[in-house]
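Welcome! Please take a moment to look over the chain below, and then let us walk through it together.

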Amino acid sequence: MKHTPYTVSEVMTQTVVAIGQDAGFKDIVETMEQWKVSALPVLAGEGRVIGVVSEADLLLKEEFRETDPDRREQLQRSDAVRRAGALTAGELMSTPALTVHAGDTLAQAARTMARQSVKRLPVVDGQGLLQGIVSRSDLLKVFLRPDEELAEEVRTEVVGRLFPEPVDEAEAVTVSVTDGVVTLGGPLRDAEMRAVAARLVRAVEGVVAVTFDADGPVPGRTATEPTQPGTVTVPETTRR
């Protein structure tokens, strides 16, 4: 599609606060407080990302402050116990760092964040050099796209490709968008084509949901099942 999918480069923050692996514990805390961030990329050499220090890594020192870990805890949580005594970023950081590339799609970045339970990811180039950082809030920026912009993309990239322009305007497929919800109207009688249209519309970055206001069978129903004309909400399915 012309505008979709969006890539990480289009939403990432290019100005990134980072630290070296020799940064001390207190310096790390002060940097996080000053810049109001909850994690910092750790760099080596010319700016290669070698790890990430998060608030969770720092809190291990507080967790073990009042009691010494017993033998069982030392075995079960050896990495946590080690980092609780750490003094530098190199000792504290999680490594290797979870990263994404500027050309990755927002869906790819979102999957990595969800599966690894992280709130932000450093963005690196092919040599692992830091280019920016992308957060959960950055990935949500696509839902700020104006309704008019979404409608134009759906008309051009979905309706214009799937449904030839009819001679009679009354037979044309219409597109309207309200608060990110796309409604396709008109004589969409082919259930299979409606299902395809729904999938492609959902793939447009910023679309919240897809509905139909048209005559014809509901996608997913058999030919023998009764169908009532009117507004139909298409169930969510896998985008890809």
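What follows is a short tour, from the whole chain down to a few single residues.

This is a predicted model, in which local features need pLDDT of at least 70 and side-chain atom pairs count only at pLDDT 80 or more, while totals for chains, interfaces and linings use all residues. Residues are numbered from 1 along each chain as its sequence is written, and side-chain values use heavy atoms, with hydrogens and water left out.

Let us begin with the whole chain. It has nine helices and ten strands; these are DSSP runs (helices are H or I with at least four residues, strands are E with at least two), numbered from the N terminus. Of its 240 residues, 39% count as buried. Here buried means under 20% relative accessible area, exposed means over 50%, and partly exposed lies in between, with a 1.4 Å probe and protein chains only. The chain exposes about 14100 Å², and carbon and sulfur atoms supply 50% of that area. Accessible areas come from the Shrake-Rupley method with a 1.4 Å probe, and for residues only the protein chains shown count as cover. A contact means heavy atoms within 4.5 Å. Among the contacts in the chain with a separation of 6 or more, 59% are between residues 24 or more positions apart.

Now for the sheets. Strands of a sheet pair through backbone hydrogen bonds, either parallel or antiparallel. Two strands are said to pair here if DSSP finds at least two bridges between them.

Look at how the strands are joined. Strand E1 (residues 19–20) pairs with E2 in the parallel sense over two bridges, and glycine 20 has leucine 43 in E2 as its bridge partner. Strand E2 (residues 39–44) is largely enclosed by the rest of the structure, because five of its six residues are buried.

Another open sheet of three strands runs in the order E4-E5-E6, and its pairing is mixed. Strand E4 (100–101) and strand E6 (130–135) are at the edges with a single partner strand each, so one side of each is left without a neighbour in the sheet. Helix H6 (residues 106–116) packs on this sheet, where it touches E4, E5 and E6, and its direction makes about 135 degrees with that of E5. Strand E5 (residues 120–124) pairs with E6 in the antiparallel sense over five bridges, and valine 123 stands opposite glycine 132 in E6.

Next, find helix H8 (residues 147–162). Its 16 residues reach 21 Å from the first C-alpha to the last, close to the 22 Å expected at 1.5 Å a residue. H8 bends by about 35 degrees at arginine 155. Its buried residues include Leu150, Val154 and Val158, and among the elements covering the buried residues are strand E7 (174–178), strand E8 (181–186) and helix H9 (191–202).

Finally, a few backbone details. Most residues other than glycine have a negative phi, and most peptide bonds are trans. Serine 117 has a positive phi of about 55 degrees although it is not a glycine; this residue sits in the loop between H6 and E5 and is exposed, with a relative accessible area of 60%. Aspartate 179 also has a positive phi of about 55 degrees without being a glycine. Its place is the loop between E7 and E8, where aspartate 179 is exposed, at 64% relative accessible area. Threonine 95 and proline 96 are joined by a cis peptide bond, with omega about -5 degrees, and proline 96 lies in the loop between helix H5 (89–92) and E4.

Note on methods. Axes fitted to C-alpha atoms, helices over the stretch in contact; angles between N-to-C directions. Expected span 1.5 Å × (residues − 1). Bend = angle between axes of the 7 residues up to and from the residue.
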